[in-house]
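Here's a quick briefing on how two ligands are held by their protein. Have a look at the model first, then go through the notes below.

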Amino acid sequence: MNHIRHVAIIMDGNGRWGIKHKKSRNLGHREGLKIVEQVIKTTIKNKIKFLTLYAFSTENWKRPKKEINFLFNLLENFLLNKITDLNKQNIKLKIIGKKNFSRKINNLLSVSEKKTMKNKRLQINLALNYGSKSELINAFKLIQKNKVKINEKNISKYLFTNNTPDPDLLIRTGNTKRLSNFLLWQIAYSEIFFEKKLWPDFKENDYNKILEKFKKIKRNYGNI
Ligand code: IPE
Ligand code: IPE
Ligand code: MG
């Protein structure tokens, strides 16, 4: 049985769910947030130590302003209402991606990270304004600046995910088979699960089924 240390998720399909059920993409995002809370609970139940969630990509800035504002309002309210509770549950929040949002959001993110930085039960890496290519470029620049050797260890060290083991599995909901610029370096040997359901329909049982399937996979890493 494979042990699971790190699950990464591309939470896709909110917009389509919203249009289908409520005629509004944004209501799909609101529904999607409930699933995030459920997934955090299930991750803890399964004693998994790292959860990386793709919430907003460097490409998502192309979306209409109204949708972007709605998403960041959701994030703001979520952190304001829940960070104390996350902290009590011994959860550490880390933002991966460049924090170039409004001053208010940047501050809230930094305060939330600082408040939870010593927590040990689960680390949530929240990918915001995250793009794997820009993360890699940033890492190479730091390597150059610090005049250190280019090797696997150092590249991993200068990524936003430093100190996080590579994901054992990556899940993408929403019936699309692509990576959309997510963790390209880190998932070199991850098991990938493409889930047909839209994110707001992804229930505890669907998540547990994937975790059980993962545990039984024979992982070769090039060996036989
Ligand atoms: C993923 O859902 C959430 C974000 C990118 C913020 P989408 O908003 O991409 O939903 P679909 O893919 O359009 O249905
Ligand atoms: C990926 O979903 C990003 C997030 C889930 C945050 P997208 O919906 O943005 O991906 P594409 O554009 O369809 O590839
Ligand atoms: Mg999408």
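Helix α1 is the biggest contributor to the shell around ligand 1, giving 3 residues; helices (H or I, at least four residues) and strands (E, at least two) are DSSP runs, numbered from the N terminus. Keep in mind that this is a predicted model, where local features need pLDDT of at least 70, side-chain atom pairs count only at pLDDT 80 or more, and totals for chains, interfaces and linings use all residues. Residues are numbered from 1 along each chain as its sequence is written, chains are lettered from A and ligands numbered from 1 in the order in which they are written, and side-chain values use heavy atoms, with hydrogens and water left out.

**Ligand 1: the shell**
- There are 13 residues around ligand 1, with D12, G15, R16, R25 and R63 the closest; a residue is near a molecule if one of its heavy atoms lies within 4 Å of it.
- At least two shell residues come from each of α1 (14–22), α2 (25–45) and α3 (65–88).
- Sorted by class, that shell holds 5 charged, 5 polar and 3 nonpolar residues (Ala, Val, Leu, Ile, Met, Phe, Trp, Tyr, Cys and Pro count as nonpolar, Asp, Glu, Lys and Arg as charged, and the others, Gly among them, as polar).

- Oxygen atoms of ligand 1 lie 2.7 Å from a polar side-chain atom of R63 and 2.8 Å from one of D12; a polar contact here is a pair of N or O atoms within 3.5 Å.
- On its own ligand 1 exposes 370 Å², and the protein buries 87% of that (Shrake-Rupley areas with a 1.4 Å probe).

**Ligand 2: the shell**
- The residues around ligand 2 are I10, M11, D12, Y54, A55, F56, N60, R63, R172, R178 and S180.
- Strand β2 (residues 50–57) provides the largest share of this shell, 3 residues.
- By class, the shell around ligand 2 has 5 nonpolar, 4 charged and 2 polar residues.

- A polar side-chain atom of S180 comes to 2.6 Å from an oxygen atom of ligand 2.
- Ligand 2 exposes 390 Å² when taken alone, of which the protein buries 78%.

Methods
A polar contact is a pair of N or O atoms within 3.5 Å; within protein, one must be able to donate a hydrogen and the other to accept it, and residues adjacent in sequence count only if both atoms are side-chain atoms.
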